[in-house]
Amino acid sequence: MLERDGWLRDSFMKWQGAILLGLKWEQGIISMNMPRILAASTLALLMTSVAAPAMAQVVVTMNTVQIFGTIDPAKISDYTDYMAGVNLYDGLVSVDSSGSIIPELAESWTVSDDAKEVTYKIRDDATFADGSPVEASDVVYTVERLLRINQGPANLFADVLAPGSVVAVDAKTVKFTLSKTFAPFLTTVPAIFILNADVVKEHEGTDDAQEWLANNVAGAGAYSLKSWDRGSQMTITRNPDYYKGFTGKPIDEVRWIITNDEATVRSLAASGELTMSSQFQSPETYKALVDMGRFNLVTQDTATAFYLKLNTQIAPTDDIHIRKALALATDYQTIREVILPGGELSTPLPKVFAEFHAGDIPAPVYDLEAAKAEVALSKYAGQPIPITLGYVADTKFEEEISLLMQANLEQLGFVVTQKADPWNVITEIASKPETTPAVNQIFFGPTYPSPDSMFFTQYSSKAAGTWSSMEWVNDPEIDQLIEDARGTGDVAKQAEIYKTLQHKLVDLQPDVFLQTQTVQHAMDKCLTGFEAVPMQSFDYDFTRYQWTC
Amino acid sequence: MTEIPADNSPRRLSNAYQNWYRFSRNPTAVIGAAIVVIVILAAILAPWITPYPEHVGAVVNFRARHLPPSAEYWFGTDNVGRDIFTRTIFGLRISLLLALVVLGTAVPVGTVLGLLAGYFGGWVEIVIMRITDIALAIPPLVMALAVAAVLSPDLINSMLAIAALWWTWHTRLIYSITRQIRTQEFIEAAETLGASKFHILIREILPNCVSALAVKTSLDCGFVILVGASLSFLGLGIQPPTPDLGTMVASGSAFLPDSWWESVLPGCAILVVALGFNLLGDGLRDLFDVQEVR
């Protein structure tokens, strides 16, 4: 039932939006009446006088299309959660736009020869938002709590960290001992946001402070939570005493407004309220915002890939020839140039992972004749082939891509059913092969900056049963290759394994490799600092942004 | 309450010409009837009268997306380049189908229950009317949202949800009429003559409800179409690519205000259809002199 709540709320908000629009219109009509004009101007005067002292502050207002699910570092899991997480908390290390690990609370780290022991040295001046020092014991507490609750980022450490494997060597030194060699470990550490153990223990209660941390923050982040209204907004303010300090003109306050309604985004921009759009607006909205003159359109290629995930366990996509036919019947160029801007994707791994990417695999092509030939080779040849195309409801470009696919597939003898589901329903139907549609439009980006994130989560049978593995590949050979790459610390050897893996997956065609995502934001011309980061939403760490006006 | 015409069916039939005369003197009623007839004909003849009937299915023409209304595309084109005029006319089919299914279920059920409750009284009345009261307390749109949340959001479920509540209004209406009629002399006469209960309900009481029912049903048509469009607007309607007016308004609203035609023109179609049924209903009410049907 809870799962459905989000969807109901979306509908309700849309409805509310319609009512609000109606109200606005009505106001326009009656504003001719004199007392109302007076009242309105008084109100406007009041509002400017309230806003005046705030002008000195740099406030960034950004819209985001999903609600913040949780801010508990042991539970955060999706893109939106991490957007709040990276600002409210700091980890031992962070990630930059090239995917490199950079120091945060830790100033340095050493790795033992067998890659099983990692020791972090915490900076002397690192403090939590309440001024108390960050110590090794806080890191130990955070990791133990994460493993106890076993949600959110805990899955990254499932076979790697056991309770008791993290120890405080001294007040400022902490040592992680891994159960086995796990090459991507260093890249997963940014997902651990360090808790202020003393504060959390005060509110521990019987549930490990889960209830308290769901609404409160106890971390070392540059921002603290000011207000949070689950369905509509979250506001965070800068901690002036942040241990790393700030340079230039930092962002004092960030307000996220939750709406996926294009008209609302435009009216927020027109009224001067919006500073930065979400990355999920329609091309029309971006254009309208840029035409207002106040916004730049910032475009960057990302490590997030956009796939048509083909369910290899159900008809008709259980047949390799049908999967090949689908890949050939996809009009990549039209999608990239007209529907959704993006970069070329030739294998499951985006080119951002340069040293691991199999560059010898050619980009997929659109060829309906070849697709027809593949259909003829399949066991479903010579009959109408029913197929379901799933996509996320209310996502314009996905609906357009789905219609484009339908138009092409109908020429090949497919009988197409469109299935638009809200996101929370998709996560539910993705949990079983028999409820997963044959074709699914899914974005997947690395949750930590390692190719392992792309391969393990999507293709390993150990990670099956989520929206990121709707292919249900379940291939022992592929599982083995993924494990082999994890078990070696030798980068050259890893690269070789990942290239073999890409060849195997392209041959198996569990996906149509549509494109890499180009992230776009309409940003106020005074705001700079957005650099796409190949890990969750670390690119919305607002300490990286500056106000230039 | 409802005023009962003193005459009953045979004589009223002979007055058909007189009724038609009175009806045709009422301009709004005639306009309403004309709109309804045109809409129904357009929906039935859609494949022959629309310029691009193939645009109902999965046709994409990205070169022609977001074109404003022109001689080629009367209502402009949508985000994948389909003719909105064609899709609007086909969309009428879904709206009318919704009204037909909902009222086709709700009117007979509501009428039968209303007759039983009004005629038999006692426990029958208490049970039926209390259930009716409960059902009346639930707003149809909220009920449809709840049903769509539990089942999957599609047109059939939405129709069922609306139909499951709509009968109540008809039950209330028929109940109040039946209560008044059952004490009248011609019913007593029929009972004295030993007519069966079935005969009395169907042949004596029902014909006296027909005019009120006709008015109520025609007014309801417009309202059901509006509720259906609201549901589609909220994303609980039919799945693409099948055209539906509410869905078209919702998906077009993403492109406001630049491509205004994508939501405004299908919205106008909803307005015209609902208005047509309302004018017709008002005209019928004046004609039959039925009061307080709403």
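Visitor: Is the crossing where α10(A) passes α12(A) left-handed or right-handed?
Guide: Left-handed, for α10(A) passing α12(A). Keep in mind that this is a predicted model.

Visitor: At roughly what angle do the axes of those two helices of chain A cross?
Guide: Roughly 170°, and the axes come within 8 Å. Helix α10 covers residues 320-328 of chain A, and helix α12 covers residues 368-377. Angles over 145 degrees count as roughly antiparallel, so α10(A) is roughly antiparallel to α12(A).

Visitor: Which residues meet there?
Guide: From α10(A), A:H321, A:I322, A:K324, A:A325 and A:L328. Their partners in α12(A) are A:A370, A:A371, A:E374, A:V375 and A:L377. By class, that contact has 7 nonpolar, 1 polar and 2 charged residues.

Visitor: Switching topic. How many residues are in the largest nonpolar core?
Guide: That core has 77 residues. Those with the most contacts inside it are A:L92, A:L105, A:I122, A:I192, A:I194 and A:A220.

Visitor: What does A:A220 touch?
Guide: Leaving out residues up to four places away in sequence, its contacts include A:Y89, A:D90, A:L105, A:F128, A:I194 and A:Y243.

Visitor: And the second core, how many residues there?
Guide: 75, in a separate core. Among them are B:A163, B:L213, B:I238 and B:A250.

Visitor: Zooming out: how many helices and strands in chain A?
Guide: Chain A has 17 helices and 18 strands. Of its 549 residues, 44% count as buried.

Visitor: What share of chain A contacts join residues at least 24 apart?
Guide: 69%, among contacts between residues at least 6 apart in sequence.

Methods:
Residues numbered from 1 in each chain as written. Chains lettered and ligands numbered in written order. Predicted model: local features only at pLDDT ≥ 70, side-chain atom pairs only at ≥ 80, totals over all residues. Core = buried A, V, L, I, M, F, W, Y, C linked by C-beta atoms within 7 Å. Buried ≥ 20, exposed ≤ 12 C-beta atoms within 10 Å, placed from the backbone. Contact = placed C-beta atoms within 7 Å. Axes fitted to C-alpha atoms, helices over the stretch in contact; angles between N-to-C directions. Helix = DSSP H or I, 4+ residues; strand = E, 2+ residues; numbered from the N terminus. Parallel < 35°, antiparallel > 145°, perpendicular 65-115°, else oblique. Left-handed = near helix turned anticlockwise from the far one by under 90°. Nonpolar A, V, L, I, M, F, W, Y, C, P; charged D, E, K, R; others polar.
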